[in-house]
Amino acid sequence: MNNSEESRSLPTPSSGPRSTGTVALRWHGASLELLDQRLLPAEEHWITLEGASGVAQCIQDMVVRGAPAIGISAAYGVALAARHAGGGDWKTEIKEAIRELSTSRPTAVNLFWALQRMERVFDGCGVLSDAQTRLANEAVAIHQEDLAANLAMADHALEAMGLSADLENAAPISVLTHCNTGALATGGYGTALGVIRRLHENGLLTKVYADETRPWLQGSRLSAWELVRDGIPVTLNADGAAAAILAAGEVRWVIVGADRITANGDVANKIGTYSLAVLARYHNVGFMVVAPSSTVDMSLQSGADIPIEEREGTEVREIRGIPLAPEGVPVFNPVFDVTPASLIDLIVTEKGVVRNPGVKGMHALFG
Ligand code: MRU
């Protein structure tokens, strides 16, 4: 493995005032390392991959998860396919890698967006050595751009919340979030969690409530872990406690990420997001979606068109092999739901903010 040469060109979220020491993936040119998110917070174990099939399997098995991180990993998977192509029919090998990666998970459009970007670069390559260089560069660019988008979204969000004008005198607020949208789910920093990070950096965060996010527990296993590591005040709550927390009146914003946003402003995100949006509207709490433009899918008219992934019943029936329900009891386990645009106050992207999203606002920004 060559650790030194490519690390130089990677984003550096772990330096500077906007620091987070957490990363989900490390690129080394001939290999990709993924932090095995299935084992957190108990164990920090890295898996080294040298081929696209391994990357596709890791996406499917949730070693790496979170819409932007899935797209970035898939892009590196294509770069690995080029790097290790047999030299014979290398074009067919790379095409097959793209096809295999595209079947790993269905809902987050970032996966297909990243693969399309890689495919466009691949289509312009006549010789393997050119494809190797250009595909690796493109994957690194996708990674770097995602980090930059997260930092821009945090700026836009604070402005949209009316906090930027007088940062010094603005009063701190509490917020609630769902799933994990942090450095682990992205190229670094985070989307919704990036906004929360920025609030904290500016002394504007009293605390963040983190839904534990049943059944996979992204909130307790990943978000709470990231936030504790970075010294950001977090209180973990069972998903069912969110109503009582919002009713108590302390929380000003519910801030979540997205896996796919359609042309009318509907948002697919982790299962349980829709119920939070209903609760937020009932309790007069702001509801904000934070996602890079790579999550926007203007080819779909509404959330009804989004393919919603259903995963194994064992994810609900047991935890790490320990039964939580009668053996074999039927389970319904959709891992995303769709929040209608009408329940959303703000969609924040690096390109700007859509307020009270609908077809008009989405087309104005993403035409
Ligand atoms: O099943 P997951 O863990 O991949 O689901 C993740 C989410 O739903 C996130 O909220 C979304 O991908 C945004 S991550 C910045």
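Guide: A residue is called buried when its relative accessible area is under 20%. Please keep in mind that this is a predicted model.

Visitor: Okay, so is Leu217 buried or exposed?
Guide: Leu217 has a relative accessible area of 14%, and because buried means under 20%, Leu217 is buried.

Visitor: Where is Leu217, and what is its phi?
Guide: Leu217 sits in the loop between β5 and α8. Its phi is positive, about 70°, although Leu217 is not a glycine.

Visitor: What kind of peptide bond joins Arg214 and Pro215?
Guide: Arg214 and Pro215 are joined by a cis peptide bond, with omega about 5°. Pro215 is in the loop between β5 (205–211) and α8 (218–229).

Visitor: And what about Leu40 and Pro41?
Guide: A cis peptide bond links Leu40 to Pro41, and omega there is about 5°. Pro41 belongs to the loop between β2 and β3.

Visitor: What should I know about Met62?
Guide: Met62 is not a glycine, yet it has a positive phi of about 70°. Met62 lies in the loop between α2 and α3. Its relative accessible area is 2%, so Met62 is buried.

Visitor: Switching topic: where does Thr262 lie?
Guide: Thr262 is part of strand β8, which covers residues 260–262. Thr262 counts as buried because its relative accessibility is 0%.

Visitor: Which polar partners does its side chain have?
Guide: The side chain of Thr262 makes a polar contact of 2.7 Å with the side chain of Asn264. The Thr262 side chain also reaches the backbone nitrogen of Gly303, at 3.4 Å.

Visitor: What else does Thr262 touch?
Guide: Leaving aside residues up to four places away in sequence, Thr262 touches several residues, among them Asp297, Leu300, Ile306 and Met362.

Visitor: How far is Thr262 from Leu205?
Guide: From C-alpha to C-alpha, Thr262 and Leu205 are 31 Å apart in space, and they are 57 residues apart in sequence.

Visitor: How many residues are in the largest nonpolar core?
Guide: The largest nonpolar core has 45 residues, and Leu25, Leu101 and Leu135 have the most contacts inside it. Elements that each supply at least two residues of this core include β1 (25–27), α3 (67–83) and α6 (128–160). The largest share, 11 residues, comes from α3.

Visitor: What does Leu135 touch?
Guide: Among the residues that Leu135 touches, not counting those up to four places away in sequence, are Val78, Ile94, Met118 and Phe122. There is also a second, separate core of 26 residues, which includes Ala149, Leu163, Ile173 and Ile232.

Visitor: How many cavities of 30 Å³ or more are there?
Guide: A search of the whole structure finds two cavities of 30 Å³ or more. The largest cavity has a volume of about 170 Å³. It is lined by 21 residues, and the closest to its centre are Gly66, Ala67, Asn180, Asp259 and Asn269. By class, this lining has nine nonpolar, eight polar and four charged residues.

Visitor: And the largest pocket, what lines it?
Guide: The largest pocket, with about 360 Å³ of space, is lined by 13 residues. Those nearest its centre are Trp216, Glu315, Glu318, Ile319 and Arg320. Its lining has five nonpolar, one polar and seven charged residues. Both α11 (314–317) and β12 (318–319) supply at least two residues of that lining.

How values were computed:
Residues are numbered from 1 along each chain as its sequence is written. This is a predicted model: local features need pLDDT of at least 70, side-chain atom pairs count only at pLDDT 80 or more; totals for chains, interfaces and linings use all residues. Side-chain values use heavy atoms; hydrogens and water are left out. Helices (H or I, at least four residues) and strands (E, at least two) are DSSP runs, numbered from the N terminus. Buried means under 20% relative accessible area, exposed over 50%, partly exposed in between (1.4 Å probe, protein chains only). Contact means heavy atoms within 4.5 Å. A polar contact is a pair of N or O atoms within 3.5 Å; within protein, one must be able to donate a hydrogen and the other to accept it, and residues adjacent in sequence count only if both atoms are side-chain atoms. A nonpolar core is a set of buried Ala, Val, Leu, Ile, Met, Phe, Trp, Tyr and Cys residues joined through side-chain atoms within 4.5 Å. On a 1 Å grid over the protein atoms alone, a cavity is a set of points where a 1.4 Å probe fits but cannot get out, and a pocket is an open set with protein on both sides within 12 Å along at least five of seven lines; lining residues have an atom within 4 Å of a point. Grid points are joined across faces, edges and corners, and a volume is the space filled by probe spheres set on the points. Ala, Val, Leu, Ile, Met, Phe, Trp, Tyr, Cys and Pro count as nonpolar, Asp, Glu, Lys and Arg as charged, and the others, Gly among them, as polar.
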